[in-house]
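Subject: Structure for your files

Hello,

Here is the structure I said I would pass on. My notes are below it.

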Amino acid sequence: MKASAGDTHLGGYDFDNIMVNHFVAEFQRKHKKDMSGNARALMRLRNACERAKRTLSSATQTTMELDSLYEGIDFYPTITRARFEELNMDLFRKCMEPVERCLHDGRIDKSSVHEVVLVGGSTRIMKIQELLQDFFNGKELCKSINPDEAVAYGAAAQAAILNGEGNEKLTGIPPVPRRVLQINVVFEIDTNGILTVIAEDETAGLKNKIAITNNKGRLS
């Protein structure tokens with residue numbers, strides 16, 4: 001750990017708020033009615049905005065369908081990714097401030113950073129990824145870990161280190177350069193629905209397997 005930084009008052013909820021305010025104003029323009037004092041309508045709108053935000057991480061536009069949102073009026077607004085980014089651009093740029101502060105406090109030049117790991121659901125937003133990549137001079141971002149699980153993943157690794165397990169070898173596989181190691185993996189499912197996974201490192205002559213069963217409504 002070299003340094004840490006962040007903004008506890010900035011996150012996904014703030015992006016949702018920007019969208020809510022935008023659509024409250026749009027509803028008022030179209031229907032001449034102000035829903036800002038109706039808690040139920042605002043909650044439905046906020047939930048729809050959060051879903052739209054998630055959708056725009058993979059789609060270029062989405063339509064929200066809100067039947068009888070306020071005083072019996074249906075509301076079906078469409079928002080594009082470009083418009084979403086425009087609305088939140090100030091907040092997106094603000095996300096870069098803790099990154100710069102962390103590097104400064106840790107006395108690390110951004111060219112010395114090996115990996116940029118995305119943590120948290122908001123890192124799925126394309127504009128945030130774009131700004132980060134630009135900041136690190138086009139460096140490819142690490143997306144191999146689920147951003148919703150990254151914190152738990154790191155906590156588990158830290159717990160293993162504190163428990164004295166950090167320096168133990170996982171399965172005896174020798175260290176090799178990235179993308180050189182070849183492991184053959186076979187998946188077998190029997191008639192009882194039990195999945196057996198067999199992995200073999202032919203170079204080192206190592207082989208292991210695990211059976212995954214349906215354990216009280218969930219996988220073991």
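Predicted model: local features only at pLDDT ≥ 70, side-chain atom pairs only at ≥ 80, totals over all residues.

Residues are numbered from 1 along each chain as its sequence is written, and side-chain values use heavy atoms, with hydrogens and water left out.

Cavity. A search of the whole structure gives 1 cavity of 30 Å³ or more; a cavity here is a set of points on a 1 Å grid over the protein atoms alone where a 1.4 Å probe fits but cannot get out. The largest cavity holds about 40 Å³, the volume being the space filled by probe spheres set on the points. Its lining (residues with an atom within 4 Å of a point) consists of Lys53, Leu56, Ser57, Arg81, Phe84, Glu85, Ile125 and Met126. Helix α3 (residues 81-105) supplies the largest share, 3 residues. Helices are DSSP runs of H or I, at least four residues, and strands are runs of E, at least two.

Backbone. Glutamate 71 has a positive phi of about 50° although it is not a glycine, and sits in the loop between β2 (66-70) and β3 (73-75). Arginine 107, also not a glycine, has a positive phi of about 55°; the loop between α3 and α4 (126-135) contains it.

Surface. Valine 180 is in the loop between α5 (150-162) and β5 (183-189). Its relative accessibility is 48%, so valine 180 counts as partly exposed (buried is under 20% relative accessible area, exposed over 50%, partly exposed in between, with a 1.4 Å probe and protein chains only).

Regards

Conventions: 1 Å grid on protein atoms, 1.4 Å probe; cavity = no way out; pocket = protein on both sides within 12 Å on 5 of 7 lines; lining within 4 Å.
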